[in-house]
Amino acid sequence: MPHALISGGAGFIGSHLSERLIQAGYHVTIIDNLSTGQIRNVAALEGHPRFRAAIEDIRDIHVMDRLVSECDLIFHLAAAVGVQRIISEPIETIETNIGGTEVVLKAARRYRKKVLLASTSEVYGKGVRIPFMEDDDCLLGPTIRNRWSYAASKMVDEFLALAYHKEVDLQVTIFRLFNTVGPRQRGQYGMVLPRFVRWALAGEPILVYGDGEQQRCFGNVFDVAGAIHGLAEYAHGTGQVYNIGSSEELTILELAERVRTRAGSSSEIRLIPYEEAYEAGFEDFRRRVPSLSKIESAIGWSPVTPLNETIDQIIAYQQEERAHG
């Protein structure tokens with residue numbers, strides 16, 4: 001079976017992908033600097049004969065050169081994540097996203113390794129055509145709003161990866177992740193659903209930023225890991241971009257109410273202005289909905305986990321975490 005290298009493999013999505021690939025018979029090496037990932041996310045894999053972990057930054061050229069030379073394909077998930085972190089650490093966001101991807105692609109070119117690059121729905125920016133399709137125009141806000149630096153850096157990642165494919169025939173597949181949720185996701189970097197669950201379980205106010213009418217789709221991480229795995233084994237995805245997410249749409253206010261109900265909580269739901277939550281002039285999207293027709297026609301994938309089941313998984317995970325301190 002193939003040997004996969006997963007950058008950001010101790011993160012939320014990376015750890016679930018690691019488990020899925022191990023179950024499928026892969027050998028898996030992860031690299032993670034633990035800036036947002038946690039080694040306990042892959043605790044169940046430690047000691048497994050087909051798993052190993054390197055605690056290091058992907059921008060270390062020498063480490064990446066060795067790891068890439070030993071693998072068959074690369075899943076590049078390492079990136080600065082979370083709106084809160086992007087706003088508070090814009091330099092780290094840009095340098096990690098662009099610099100890290102550059103190192104990965106150069107090493108992949110040197111050893112002729114296939115790359116699956118994680119991108120984001122953020123690249124669609126203020127797009128107004130719903131649902132978002134992979135070849136839609138992208139419209140970002142002004143550079144004076146560093147909220148857009150993440151989207152711009154991931155667009156550069158995509159351009160660079162596709163340039164490597166076009167110019168030196170590197171096997172590259174890009175997948176754009178829409179809101180992905182599930183067990184192990186933590187809310188300290190701005191992820192909305194784990195924060196809502198934490199507040200509901202604690203009986204604290206559930207803080208909804210803005211007017212709560214912004215609409216989102218939340219994909220289950222187990223479904224998402226399956227989609228990424230499927231793209232890795234798809235022979236005709238090279239040079240292509242695919243959306244991965246869910247088409248079950250609801251407002252953030254509806255999400256808060258659903259979490260409160262499923263957690264059996266009496267928490268108050270409170271609206272907080274964006275400038276109080278983030279910074280003055282913060283811009284958000286009203287709707288973000290993916291078209292999934294391209295990935296469905298390519299590998300037959302579509303999401304199968306209802307949002308209520310996902311919320312229950314997150315509640316159970318956080319309850320267990322609370323029980324164990």
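Trainee: Which residues in α6 meet Leu307, Ile311, Ile314, Ile315, Gln318, Gln319 and Arg322 in α11?

Mentor: This is a predicted model, in which local features need pLDDT of at least 70, side-chain atom pairs count only at pLDDT 80 or more, and totals for chains, interfaces and linings use all residues. Residues are numbered from 1 along each chain as its sequence is written, and side-chain values use heavy atoms, with hydrogens and water left out. Taking contact as heavy atoms within 4.5 Å, the residues in α6 that meet those of α11 are Leu193, Pro194, Val197, Arg198, Leu201 and Ala202.

Trainee: How many residues of the contact of α6 with α11 are nonpolar?

Mentor: Ala, Val, Leu, Ile, Met, Phe, Trp, Tyr, Cys and Pro count as nonpolar, Asp, Glu, Lys and Arg as charged, and the others, Gly among them, as polar. Besides 2 polar and 2 charged residues, the contact of α6 with α11 holds nonpolar residues, and these number 9.

Trainee: Are α6 and α11 parallel or oblique to each other?

Mentor: Helix α6 (residues 192-202) and helix α11 (residues 307-323) have axes 10 Å apart and pack at an angle of about 60°. Angles under 35 degrees count as roughly parallel, over 145 as roughly antiparallel, 65 to 115 as roughly perpendicular and the rest as oblique. The two helices, α6 and α11, are therefore oblique.

Trainee: What percentage of the 325 residues of the protein chain count as buried?

Mentor: Buried means under 20% relative accessible area, exposed over 50% and partly exposed in between, with a 1.4 Å probe and protein chains only. Of the 325 residues of the protein chain, the share that counts as buried is 55%.

How values were computed: Axes fitted to C-alpha atoms, helices over the stretch in contact; angles between N-to-C directions. Helix = DSSP H or I, 4+ residues; strand = E, 2+ residues; numbered from the N terminus.
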